[in-house]
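This briefing covers selected sites, the ligand shell, the pocket and the cavities of one structure. Please read it beside the sequence and the 3D view.

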Amino acid sequence: MQLRIPGPTPLPDEILKAMARQMINHRGPEFAEMIHEATDILKEMFQTEGDVLILTGSGTGGMEAAVVNTLSPGDKVLCLANGAFGERFADIAEQFGAEVSRLRFEWGQAVEPAAVRQALSKDSGIKAVMVTQNETSTGLTNDLASISAVVKEFDKLLLVDAISGLGAIDLPTDAWGCDVVVTGSQKGWMAPPGLAMVSVNARGWQANAEAKIPRYYWDFAKAKKLLDEKGQTPWTPGITAIYALSAALRLMKREGLSNIIARHARVGDRAREGVKSLGLSLFADENYASNTVTAIKVPDGLDAKRLLSILREEHDTVLAGGQQKLDGKIFRIGHLGYVTEDDIDAVIKALRIALPQVGFKG
Ligand SMILES: *Cc1c(COP(=O)(O)O)cnc(C)c1O
């Protein structure tokens, strides 16, 4: 089966095999060795000298962890939202009592750094800015280099949801001053769901020391102390997922980050060109097209649900629909992690056959 959704993603055989291993003591030396090695490779992939923590939970758990570990109730935060995940990050901060202002952009359009500058100059009381690097719901990568430069002009804390971008799209965490960056194992990492990986720099730790939102399970300080002192996690970790992530990180290290990023760029191009060759249009502003997920407009009158079920039933190809207000309006091809141009060609080939079956004339 061609599973081409923006996570979970298919896994190489080597990683499937890595998961078929007996359990180990998570307080023993084998686990310590494994988590230290994985953490070291993750630091390379995050391009950071800061700390990276492997937390057991989904990406959203990592987003919640970023919020509860750096903010206090009543803190003013600016949330940049141009899709479903930007809204989710804002919702989480709001739920924990932050005073959230949402700077919204049309779904499919990029966050405008100039608008961020304007918002930050108007309100000096803002403590943190929250942003989505790669907006999975619309297939768009925000210009995080420019956004982070603005955030740093104003010397604010920067929390980044890089869940579907990191490990596939360039994100030099330290160079761009990203204080807390979150990703998830089932996205670009060739690993199953179940882990959130989070980086924290010196500024992030300073915020952590001051943050008053109650937290227990998601406690960065506890996680760092146990990792540094014992090679452990505070709570029983998802050991099987960590087996897989470790194997995946070895493969990634062998391929090299710049090669991985280049492969995703080629695959992203291939997806966009293929979609256009079918006579379909891209949903997001192409200047900001994501190299991990492509969103395609559903042509007027076409039944997207039927198209996706034909693809699934007759072509063994699973694509994603649209989320929330984009339900029925777009469908999405995930191309992150273990993916090559050939995989995209197979998707386009299937679409070429299935589209006329739902009445698309091209
Ligand atoms: C997938 C995703 C999430 C949510 O991750 P879960 O693992 O489903 O909790 C959050 N943000 C972005 C950008 C994502 O792509």
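S137 lies in the loop between strand 6 (134-135) and strand 7 (140-141); helices (H or I, at least four residues) and strands (E, at least two) are DSSP runs, numbered from the N terminus. The model is predicted, so local features need pLDDT of at least 70 and side-chain atom pairs count only at pLDDT 80 or more, while totals for chains, interfaces and linings use all residues. Residues are numbered from 1 along each chain as its sequence is written, and side-chain values use heavy atoms, with hydrogens and water left out.

**S137 and its contacts**

- S137 is buried, at a relative accessible area of 1%; buried means under 20% relative accessible area, exposed over 50%, and partly exposed in between (1.4 Å probe, protein chains only).
- The side chains of S137 and E135 are joined by a polar contact of 2.7 Å.
- A polar contact is a pair of N or O atoms within 3.5 Å; within protein, one must be able to donate a hydrogen and the other to accept it, and residues adjacent in sequence count only if both atoms are side-chain atoms.
- A polar atom of the S137 side chain also lies 3.0 Å from the backbone nitrogen of A84.

**Ligand shell**

- There are 14 residues around the ligand, and S58, T60, T136, D161 and K187 come nearest; a residue is near a molecule or strand if one of its heavy atoms lies within 4 Å of it.
- A polar side-chain atom of S58 is 2.6 Å from a ligand oxygen atom.
- An N or O atom in the side chain of Q186 is 2.7 Å from an oxygen atom of the ligand.
- At G59, a polar backbone atom is 2.8 Å from an oxygen atom of the ligand.
- The ligand taken alone exposes 380 Å², and the protein buries 88% of that; accessible areas come from the Shrake-Rupley method with a 1.4 Å probe, and for residues only the protein chains shown count as cover.
- Helix 3 (59-70) and helix 4 (84-95) are the elements that give two or more residues to the shell, and helix 3 gives the most, with three residues.
- The shell has three nonpolar, eight polar and three charged residues.
- In these classes, Ala, Val, Leu, Ile, Met, Phe, Trp, Tyr, Cys and Pro count as nonpolar, Asp, Glu, Lys and Arg as charged, and the others, Gly among them, as polar.

**Largest pocket**

- The largest pocket has a volume of about 190 Å³.
- On a 1 Å grid over the protein atoms alone, a pocket is an open set of points with protein on both sides within 12 Å along at least five of seven lines, a cavity is a set of points where a 1.4 Å probe fits but cannot get out, and lining residues have an atom within 4 Å of a point.
- Grid points are joined across faces, edges and corners, and a volume is the space filled by probe spheres set on the points.
- Helix 2 (29-46) and helix 9 (239-255) each supply at least two residues of the pocket lining, which includes R21, E33, Y243 and R250.
- The pocket lining divides into five nonpolar, one polar and five charged residues.

**Cavities**

- The structure holds three cavities of 30 Å³ or more.
- The lining of the largest cavity has eight nonpolar, three polar and one charged residues.
- The second largest cavity has a volume of about 60 Å³, and G139, R272 and F283 are among the residues that line it.
- Strand 11 (residues 293-297) provides the largest share of the lining of the second largest cavity, three residues.

**Backbone geometry**

- The peptide bond from G7 to P8 is cis, with omega near -5°; P8 lies in the loop between strand 1 (2-3) and helix 1 (13-19).
- Q47, in the loop between helix 2 and strand 2, is a residue other than glycine with a positive phi, near 55°.
- Q47 is partly exposed, with a relative accessible area of 28%.
- M190 is not a glycine but has a positive phi of about 55°; M190 is found in the loop between strand 9 (180-184) and strand 10 (195-200).
- M190 counts as buried, at 5% relative accessibility.

**D327**

- D327 is in the loop between strand 13 (320-321) and strand 14 (330-334).
- D327 is partly exposed, with a relative accessible area of 44%.
- D327 and R104 are 223 residues apart in sequence and 19 Å apart in space, C-alpha to C-alpha.
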